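Below is a briefing on a single protein chain.

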Amino acid sequence: SQPVDSREGDLAAEGEICLSPEILDVAAWGDDTLPVPQQLADNLSGLVGEFDKPHPDILAQAIRLYLFLGFGTEARQLMKAFPPETQDASVWLSLSYLVEGEVDPTGQLAPMAACEGPTALWAVLSDTERQGTAFANAAAVRLAFSALPSHLRQDLGPSVAEYFLSAGDQETARAIHDAMARATVGKGGNASLLAAEIALDRGDPAGAEAQVSALLDEPGPGQLPALIAYAEARAKQGFPVDPRVPASLSAFADAQGEEVVPGLTRALILAEAAAGRFDEAFNRLPMAPDAASDLWNLTLALAPDEPFLRVAVAEETPLPARVDAETRVGIARRLL
């Protein structure tokens, strides 16, 4: 797609010309209140005309509807079968990955996080390296995200919120969570997980635990992140966990193989310690050294004298450099 003419306010942070907002206004390409089959039937009817050639306007309408529905793969298949003769096609291709929560291989939208309108939202989703967090247009992202259909808010919300959490912008992350919550009334999972992550980030582990406790026994893709958040929340409070928690996390780790979910090894270390398995936790520590301070604090809070001394003075478990000064003082006092 060709960018609009450059005008004041239409430049991204590093000088790129912003795309016209309507080119990326996914929220306007469907109706969240109508049944999906009805919308598909209405928009795909008459797609192919004489000589099996598609009508350009109907083709564009069908592609945009697929993107609105989050059917990125279907949108790409349709564009492959009937290549659109429009400059917007390259943008639709990028969106076809982003609505599915996938990485856009073109990366063409990533530099536009400072732009106005929906452009900022899709740029944030495209910016997997998080290079634009310092200048992202948070207000534009919040408005565009709130306008998305409920299913896209639920699916894309965690990625958008995590983007702003990584920049320390809790206010925007909270706004994204609230917009998700409005979209997931009665569904809950993603919104609760996001609320737990925000609570942990602002130092409220008790609030995080309350958000995810009800999700622990629910089967499905949300169970693993719920277990990770639960282990983190309990560890931050210095509380024990049921032995079934590290057992479940270990099963997930075994199933993941070499592609372990981020945070899983750390959560497993903390859960093992919180379940009284201190030797096992310290044996795993080299796999996630960032867990050192929390692991030592759990050990200080929960370990009886024998396992505490075993790990505190053993030559094979030297005190890692990552342990903060306050924790070191706590270890020294207990040894005394």
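**Helix 16 and its surroundings**

The buried residues of helix 16 pack against helix 14 (278-284), helix 15 (292-302) and helix 17. This is a predicted model, in which local features need pLDDT of at least 70 and side-chain atom pairs count only at pLDDT 80 or more, while totals for chains, interfaces and linings use all residues. Residues are numbered from 1 along each chain as its sequence is written, and side-chain values use heavy atoms, with hydrogens and water left out.

- Helix 16 spans residues 305-313, and its buried residues are Pro307, Phe308 and Val311. They cover an arc of only 100° around the axis, so they sit on the same side of helix 16.
- The arc is that of the directions from the helix axis to the C-beta atoms. Buried means under 20% relative accessible area, exposed over 50%, and partly exposed in between (1.4 Å probe, protein chains only).
- Asp305, Glu306 and Val313 are exposed on the other side of helix 16.

**Nonpolar surface patch**

- Val313 also belongs to a nonpolar surface patch with Leu309 and Leu335, and together the three have about 270 Å² of accessible area.
- Patches are made of residues with over 30% relative accessible area and no salt bridge; like charges are joined within 9 Å, and nonpolar side chains (Val, Leu, Ile, Met, Phe, Trp, Tyr) within 5 Å. A salt bridge is a side-chain nitrogen of Lys or Arg within 4 Å of a carboxyl oxygen of Asp or Glu.
- Leu335 is found in helix 17 (residues 325-335) and counts as partly exposed, at 41% relative accessibility.

**The chain as a whole**

- The chain has 17 helices and zero strands. Helices (H or I, at least four residues) and strands (E, at least two) are DSSP runs, numbered from the N terminus.
- Of its 336 residues, 44% count as buried.
- The accessible surface of the chain comes to about 16700 Å², and carbon and sulfur atoms account for 51% of that. Accessible areas come from the Shrake-Rupley method with a 1.4 Å probe; for residues, only the protein chains shown count as cover.
- Among contacts (heavy atoms within 4.5 Å) between residues at least 6 apart in sequence, 55% join residues at least 24 apart.

**Disulfide**

- The structure holds one disulfide, formed by Cys18 and Cys115 with their sulfur atoms 1.9 Å apart. The pair links distant parts of the chain, 97 residues apart: Cys18 is in the segment before helix 1 (36-44), and Cys115 is in the loop between helix 4 (89-98) and helix 5 (118-126).
- A disulfide is taken as a pair of cysteine sulfur atoms within 2.5 Å.
- The torsion about the S-S bond of Cys18 and Cys115 is about -85°, so the disulfide is left-handed.
- Cys18 is buried at 5% relative accessibility, and Cys115 is buried at 1%.

- Asp201 lies in helix 9 (residues 189-201) and is partly exposed, with a relative accessible area of 40%. Leaving aside neighbours within four places in sequence, Asp201 is in contact with Leu165 and Gln170.
- Glu232 lies in helix 11 (residues 223-237) and is buried, with a relative accessible area of 11%. Not counting residues up to four places away in sequence, Glu232 touches Leu200, Arg266 and Leu270.

**Backbone at Arg130**

- Arg130 is not a glycine, yet has a positive phi of about 55°. Most residues other than glycine have a negative phi.
- Arg130 lies in the loop between helix 5 and helix 6 (138-147) and is partly exposed, at 36% relative accessible area.
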